[in-house]
Amino acid sequence: MSTSSRKIEHLLIVLGKDVEYREKTTLLECVEILHDPLTDADFSVDDESFSRTDFLGFTISMPFMIGAMTGGHPDTKIVNELLAKAAEEFRIPIATGSVKAALRSMGGDPSVADSYIVVKEVAQSVPRISNLGLEDLIIMNEKGKLEDALTEAVDLIDAHAIQIHINPLQEIVQKGYVKQRGLEKTLKKIYERSEESGVPVIIKEVGSGFSPASLNKLVGLGFKRVDVEGAGGTSRAKVEEYRGGYAGPYAERGIPTAASIIYAVRAGMNVIAGGGIRNGLDVVKSLILGAHLAAAALRVLRALFPKRTLEPDYENLRDFLTKMAHEIRMGIFLSGARNVNELRLRQNYVIKPPLIYYLQRT
Ligand SMILES: Cc1cc2nc3c(=O)[nH]c(=O)nc-3n(C[C@H](O)[C@H](O)[C@H](O)COP(=O)(O)O)c2cc1C
């Protein structure tokens, strides 16, 4: 099956099937923010000053972004167009799905480039993030074409950053193998290229999170930004099982999102929290643990397609994002803070088991 038709199949599976972790959770429920009713401020759910923050040199309305999902098939253009419309309307960042399918240097089909370019055309005044997979870049590095791929991926949507996703579990469930030999050499080059070009790189998982050891490796290679995408939300292994792959006992493999956020913050990284982010309280909890912002993929997609078919409902997505903004502002105010920075500084929370057990691991 071509990469292009796989994109549509992925959308249909995540809309129609049970693809989330069932036994494992994000463990954000183990973070309890201590209620503080004495905030010295007037509050209204529409007051953006409670949620406004900075990201990649932009001021955004809330610390929330639309996670990497799609592009690469003609039918995905409308999906990216509506997601980009929402990003622009709410002034929040947006990531595309892997752009490999459209890149000449990676053997892609430039005729599907439109499905990504629409993000640049519609989301003109917010941070745009391109996306490629590490395994593909290892292969490109062997061919001496790594720089071409990175440049093309950024240029495609005039991206302000690029995410490099690392997804060995998904790859082995999908294909039975993954090629990661030469990983450090490739990551080193990706980092050097980012330093030269000034386009930040965000290393990203896709739903299994990062351990302290993997984060220390990334820090050692120079990387400063990570999108943790831990366990508790969409399981990419389950998605691939619906496509005939075998995950067996590994379908729920992964480090819960809350633990992965804490590990990444401890490693000194600038952190995007992701994997199972469902509402504004999850975002506020991620921030109080030290994340810079949070991202959601599945919840955003299901808000755009509430009937679970490919019939979009933009108003429903707008309602979801309006509620998200309100919930984030309520959470910040009720924690005794007047803005995102004050929330982070206050650190007024407790951590309950079993999340606490993960913290003993360094
Ligand atoms: C339909 C779909 C397609 C995805 N495609 C990509 C992709 O191309 N690149 C990537 O880095 N992550 C991709 N992801 C993973 C998400 O960005 C995210 O890391 C993961 O789904 C966990 O977040 P969630 O629980 O909010 O869905 C995809 C997720 C979904 C649901």
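A residue is called buried here if 20 or more other C-beta atoms lie within 10 Å of its own. The model is predicted. By this criterion strand β11, residues 293-296, is buried on both faces: Leu 293 and Ala 295 point one way, Ala 294 and Ala 296 point the other way, and all are buried. In a regular strand the side chains alternate between the two faces of the sheet.

Strand β11 has two parallel partners. One is β4, residues 64-66, which pairs with β11 over three bridges. Within this pairing, Ile 66 has Ala 296 as its bridge partner. The other is β10, residues 270-274, again parallel to β11 and joined over three bridges. Here Ala 273 stands opposite Ala 294. Helix α11, residues 280-288, belongs with these two strands: β10, α11 and β11 make a right-handed β-α-β unit.

Strand β8 pairs with β7 in the parallel sense over four bridges. Strand β9, residues 225-227, also runs parallel to β8, joined by two bridges. Ile 203 takes part on both sides. It stands opposite Ile 164, and its bridge partner in β9 is Val 226. From β8 the chain crosses through helix α8, residues 212-220, to β9, and this β-α-β crossover is right-handed.

Ala 264 touches Phe 210, Leu 215, Val 226, Val 228, Met 269 and Val 271, leaving aside residues up to four places away in sequence.

An α-helix has 3.6 residues a turn, so residues three or four places apart point the same way. After α5 comes Asp 158, whose phi is positive, near 45 degrees.

The ligand is surrounded by 27 residues. The closest are Gly 97, His 165, Gly 233, Ala 297 and Leu 298. Three elements, α1 (3-16), β7 (161-165) and α12 (298-304), each supply at least two residues of the shell. By residue class, the shell divides into 10 nonpolar, 14 polar and three charged residues.

Backbone geometry was examined next. Arg 91 has a positive phi, near 50 degrees, in a residue other than glycine. Arg 91 is found in the loop between α2 (77-90) and β5 (94-95). With 17 other C-beta atoms within 10 Å, Arg 91 is partly exposed. Gln 347 is not a glycine either, yet its phi is positive, about 50 degrees. The loop between α14 (340-346) and β12 holds Gln 347. Gln 347 counts as exposed because it has 12 C-beta neighbours inside 10 Å, the cut-off for that class being 12 or fewer. The peptide bond from Pro 353 to Pro 354 is cis, with omega near 0 degrees. Pro 354 is found in the loop between β12 (349-351) and α15 (355-359).

One contact spans much of the sequence. Gly 16 and Arg 308 are 292 residues apart along the chain, but their C-alpha atoms are separated by 5.6 Å. Gly 16 has its place in helix α1. Gly 16 is exposed, with 12 other C-beta atoms within 10 Å.

Key
Residues numbered from 1 in each chain as written. Predicted model: local features only at pLDDT ≥ 70, side-chain atom pairs only at ≥ 80, totals over all residues. Contact = placed C-beta atoms within 7 Å. Pairing = 2+ DSSP bridges. Right-handed = clockwise from strand over helix to strand, strands pointing away. Near = placed C-beta within 6 Å. Nonpolar A, V, L, I, M, F, W, Y, C, P; charged D, E, K, R; others polar.
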